[in-house]
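Open the model in your viewer and keep the selection tool at hand. This tour goes from the whole chain down to one residue.

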Amino acid sequence: MKKNISIILLLMACFASQFTNAQKKYSQLSDYVDPNIGTAHSRWFFYTPGAMPFGLAKLGPSTNAHLGNIQGWEATGYDHRDSSIEGFACLHEFQVGGIVVAPSVGTLQTIPGSLKNNDEGYRSAFDRKDEHATSGYYSVLLKDYNIKAELTATKRVGFQRYTFPKSAQSHIIFDIGNRQGESGAVKDAKVTINKDGSIEGYVITTPEYVKKYQEGAEVAMYFYAVLDKKASAYGVFNKNDRKAGEKEIAGEGSGAYFTFTTKENEAITVKIGLSFTSVANAKLNLNAEAKKLNFDKAKKQSLAMWNDYLGRITVEGKNETDKIKFYTGLYHALLGRGLGSDVNGAYPMNNGKVGQIPLNAKGVPEYNYYNSDAIWGGFWNLTQLWALAYPEYYADWVQAQLLVYKDAGWLGDGIASGKYVSGVGTNFTGLAIASAYNSGIRNYDVDVAYAAALKNELEWKGRIEGAGKMDVKQFVERGYSPQIDDIGFNTTTQGSGFSASHTLEYSYSAYAVAQFAKALGKTSDYEQLMKLSNGWKLLYDNETKFIRPKYANGNFVSNFDPSQPWRGFQEGNAWQYTFYVPHAVDELVATLGKDTFNERLEKIFEISQKNVFGGGTKIDAFAGLSGYYNHGNQPNLHISWLFNYSGKPYLTQKWVHAICDEFYGTEGIHGYGYGQDEDQGQLGAWYVMSSIGLFDVKGLTDINPSFQLSSPLFDKVSIKLPASTGRKPFTIEVSNNEKANVYLQDVSLNGKSLDKLSIGLSDVAKGGTLKMSVGAEPNKKRTE
């Protein structure tokens, strides 16, 4: 009976969502963005509506952020299922979090309190009906205090505005010295109230991934804030220990408070300049970006920038729900991997010092530094989107990776304030750099980029944990990484517990850098790398027709279960990873046999559809690891597109549409699957690319990269970039488009019929019109 009630409630929620969507007016693209989608069990960096595209300041409400997380990756921060808010953090990034501001009325509280009891701290209950979130702006009514809280931001400055009731005890606290989300434990903190009423300070943390991948390193966050009203009283605190009238405090738990006498509906605005290098640069960032801005102007500016960035890809069609998914997905792709350098070009170096980005003739930094989650799986979503619509960001991202390489000697797959935070123990940064080069994005030092990428693939002497691929020596010498069963999740110079997935990954990245080498005329490097790109063949077991881990003695592992995750395969299993040969799909098809390949792949999707293409309705990031297909994680995000290589492209069209329609939702719980792992925009970017019918299984790593084609969800797609990028407008027009009409019939580019379902990235960049007609029945005459 409970199960039936759950189904009824789910259907009611879906109907309510569709009804709300139908009633809502969409006057600009940001109106389609709903940050609350998928916020149940979401990561720390997922929910930050008060931010600019790729910004440093990323503001959002927290429901459980002070709990932190044990391993550094678990869902924490904001959860759709919670009913109280504990404050508003200004920094949300992979392994980075802090600088919390919170308002209250009545008895002063200086700890957040627990979810079970609002009265224990400064947290407040709230209702979803009183909450509004979009790209660049957030507001909510804090019920316990009758305070309206609002958030917005410039690139490096957070704005928080609180509208208070009439009270002689209206408070704003700066809770600085406590753990937040993925930030890790607090090592030190300091807060100072200056004579002019401004407030400044810092917090230094030791995130879990920093401890793992760069032992002894730390992440520092600095702020400088001003309030637009003078306080009637002030003080500092350390958790519950308050010191009225004092202006400075240091150590874990440090914070400061301000008390005001407010009239009914009186608003007080806080501007917070943020920096990863110094308090002085936090102040400089504030004065440069926001000195003359009030909250409303900052909000208007933020929304304008979001609509500009979202407007690089516009979609038209009858289905408003698909547009909500599309622009929310694009929003997430543009939100993550944010700015880490200051307006003067200062950036946090790997060794803890402050570096300087070169300035142009106008005194403006030539490029920016960015923080970044691991690029693991990002080549099937993010880098394709960057290359298509945000090439200038892609160039900056490469520059940021090269800064770390020049500072510390190795590329890092994940970077937090200059520190290595690999996260998965591998490293695809070289592949992403090679893809940028082959995509025509080359405004960086190409020689340094190539040296960094080549070193990442081939070298092991002196290799540090933060660079990942600690077993690369084995791969280079043997052609594969040996399995070590009793090593757990670790990787050493002798092999790995994830040996099979590492071999597949290294084979793919070797191919990518080989294309980089070939383009530069590095013949010997090209030949060596291409030989290594065949490493996957050494692990193919003809008896089981699966990729199978192999020991150092050359024997396959015993007691092999292709559904077993974590043994030889990171965050997946042999069913999922056997298709992980994106650089040589034709060879994989031939190896398995075309009939076996298609029958197995189609079976995988038929079975997985019953489980929502992942972990079913279980709210857990790893719920689908034992299944046949798991869209909620990275290792097999490309396989729905593989039918384009096996003679049945109509099945790619069928299953891509099904995943877009069924895995992705518009609710808090079923947004990106059920509690899946949306790593800084990866699942959102996959939806964007797949829904417009452009995708490259190879991750744009070929010398002349191309997109495979499928049928878009929309009637029309327009891609228009700023003139400064040198790109021309490109349009996709779809005739006879309906939900049931998922199958491509005819395709033409600029009036010329296409024999193959692919189009070069260079053709898109030149501009033109791609016309498609679709129908309800497969066109089985098209086999490629």
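The stops below run from confidence to overall form, then to a single side chain.

**Colour by confidence.** This is a predicted model. The mean pLDDT of the protein is 95. Of its residues, 97% reach 70 or more. Now select residues 1-22. Here pLDDT stays under 50. The model gives this stretch eight contacts beyond four places in sequence.

**Switch to cartoon.** The protein holds 36 strands and 18 helices. Along the principal axes, the C-alpha atoms fill a box of roughly 75 × 60 × 60 Å. Of the contacts with a separation of 6 or more, 69% join residues 24 or more positions apart.

**Show the surface.** The accessible area is about 27,300 Å². Carbon and sulfur atoms account for 49% of that surface. Buried residues make up 66% of the 784. Next, colour the charged side chains. There are 81 positive and 81 negative ones. The centres of the two sets lie 3 Å apart.

**Select Ala400.** Which helix does Ala400 lie in? It is α7, residues 391-408. Is Ala400 buried or exposed? Its relative accessible area is 1%, under the 20% cut-off, so Ala400 is buried.

**Finish with a distance.** Pick the C-alpha atoms of Ala400 and Ala590. They are separated by 40 Å. Along the chain, the two residues are 190 apart.

Key: Residues numbered from 1 in each chain as written. Predicted model: local features only at pLDDT ≥ 70, side-chain atom pairs only at ≥ 80, totals over all residues. Heavy atoms only, no water. pLDDT = per-residue confidence, 0-100. Contact = heavy atoms within 4.5 Å. Helix = DSSP H or I, 4+ residues; strand = E, 2+ residues; numbered from the N terminus. Buried < 20%, exposed > 50% of the residue type's maximum accessible area, 1.4 Å probe, protein only. Areas by Shrake-Rupley, 256 points an atom, 1.4 Å probe, with all protein chains shown as cover. Lys, Arg positive; Asp, Glu negative; His and termini not counted. Charge placed at Lys NZ, Arg CZ, Asp CG, Glu CD.
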